[in-house]
Amino acid sequence: MQKIQMVDLFHQYQHIQSEIDKKLIEVVQSSAFINGPEVKSFQSELEDYLDVKHVIPCANGTDALQIALMALDLQPGDEVITANFTFAATVEVIDLLKLKSVLVDVNPDDFTIDTQAIENAITDKTKAIIPVHLFGQCANMDTIMDIAVRHNLYVVEDTAQAIGSDFTFADGTVRKAGTMGHIGTTSFFPSKNLGCYGDGGAIFTNDDDLAYRMRGIVNHGMYERYYHDEVGVNSRLDSLQAAVLRIKLPHLNDYNAKRRTAANFYDTAFKNHPKIQTPFRREDSKHVFHQYTLKVAEKRNELQQFLSEKGIPAMIYYPVPLHKQKAYDHGEYRDEQFPVTMELIDQVISLPMHTELTDEQLHYITESIKEFYHD
């Protein structure tokens, strides 16, 4: 049996090696490393895949979030509501822009932002909501967009973990993750479902004016070369990474299908287990399983150590909620405000999840976990 990895990028690369190698050599030989044809082609192809008017490539997913907020003309002290249970990049950009992050709890089943908590947190200073499509499926965008319309708020989707996921609205409309709010953002970090071989990101919108703003912001605030109309940033997807993404994009649906196949194996193996809760799958969101995250009733840390000793990596996302992180703990929150988050940080554990998992590996992983919890 091959060594089990949390993410196996090498064997995924082997399937597309000839295409990747050929294309990377072509880019090097062209010397068009910045804003070259590969970037423009990837932008167009991703627009077609997502069925969105504008894709703005950028350097990474964190920049994508920051640029999105910069384009909304928010003012210092304006409030942005987001989930407490997620990676820090979401609040990092809020604080960098001198905005105020308002953290709310998540749902106990799908781990995405609690829509009633959003409603309860809205004040006259609230300007935007950042729902995080955590672990591979969409937050309840039907309700979130309804809240946004009623309160005149912007919605910026954090789609770093859910690219390719479909969301079905109550009226039957189907949209891709990242294309439902005013702006969507994503990361192409190598371990993502659509990952490059370095850092990369993108921003999506159907709003022509927002697209124009963001295209300038990513390039030093220039809309005409050497004329800086506003303060911008230097955030560009380089041509080598765009070339990799162009090759991988046509495989994305297949990659996501393989992840769902692995998730189905896990689901079946742990079905009705008294100490293990498998991931909840929303009926309105097609899960793409960036992570396969269990909730376990007891001994989570001991399970992680046991699996490590058996050569099985397992990760804990996220052991410390945002309101208790040193950088973002401003003393304004109490643990009691986040009962679900405080439960999850002690119960969740993510298993290996990628496109190259074999039945032999999956059997070994699941049997090892059942061995640990054997009474």
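The legends below describe close-up views of a predicted model. Residues are numbered from 1 along each chain as its sequence is written, and side-chain values use heavy atoms, with hydrogens and water left out. Because the model is predicted, local features need pLDDT of at least 70 and side-chain atom pairs count only at pLDDT 80 or more, while totals for chains, interfaces and linings use all residues.

**View 1. The largest pocket.** The largest pocket holds about 520 Å³ of space. Of its 25 lining residues, F87, A160, Q161, S187 and K192 are the closest to its centre. Helices α4 (61-70) and α5 (89-96) and strand β8 (183-187) each give two or more residues to the lining. Here a pocket is an open set of points on a 1 Å grid over the protein atoms alone, where a 1.4 Å probe fits, with protein on both sides within 12 Å along at least five of seven lines; lining residues have an atom within 4 Å of a point. Helices (H or I, at least four residues) and strands (E, at least two) are DSSP runs, numbered from the N terminus.

**View 2. The second largest pocket.** This pocket has a volume of about 280 Å³. Its lining includes N35, V39, K40, R215 and L237. Helix α3 provides the largest share of that lining, three residues.

**View 3. A salt bridge between D110 and R282.** The closest N and O atoms of D110 and R282 are 2.9 Å apart. D110 lies in the loop between β3 (100-104) and α6 (115-121) and R282 in the loop between β12 (276-277) and β13 (292-296), so the pair ties together parts that are 172 residues apart in sequence. D110 is buried, with a relative accessible area of 3%, and R282 is buried at 14%. A salt bridge is a side-chain nitrogen of Lys or Arg within 4 Å of a carboxyl oxygen of Asp or Glu. Buried means under 20% relative accessible area, exposed over 50%, and partly exposed in between (1.4 Å probe, protein chains only).

View 4. K370 and E367 form a salt bridge, with their closest N and O atoms 3.1 Å apart. Being three residues apart in helix α13 (residues 359-372), they are separated by about one helical turn. K370 is partly exposed at 25% relative accessibility, and E367 is partly exposed at 35%.

View 5. The side chains of E38 and K23 meet in a salt bridge (3.3 Å, N to O). E38 belongs to helix α3 and K23 to helix α2, 15 residues apart. Both E38 and K23 are buried.

Note on methods. Grid points are joined across faces, edges and corners, and a volume is the space filled by probe spheres set on the points.
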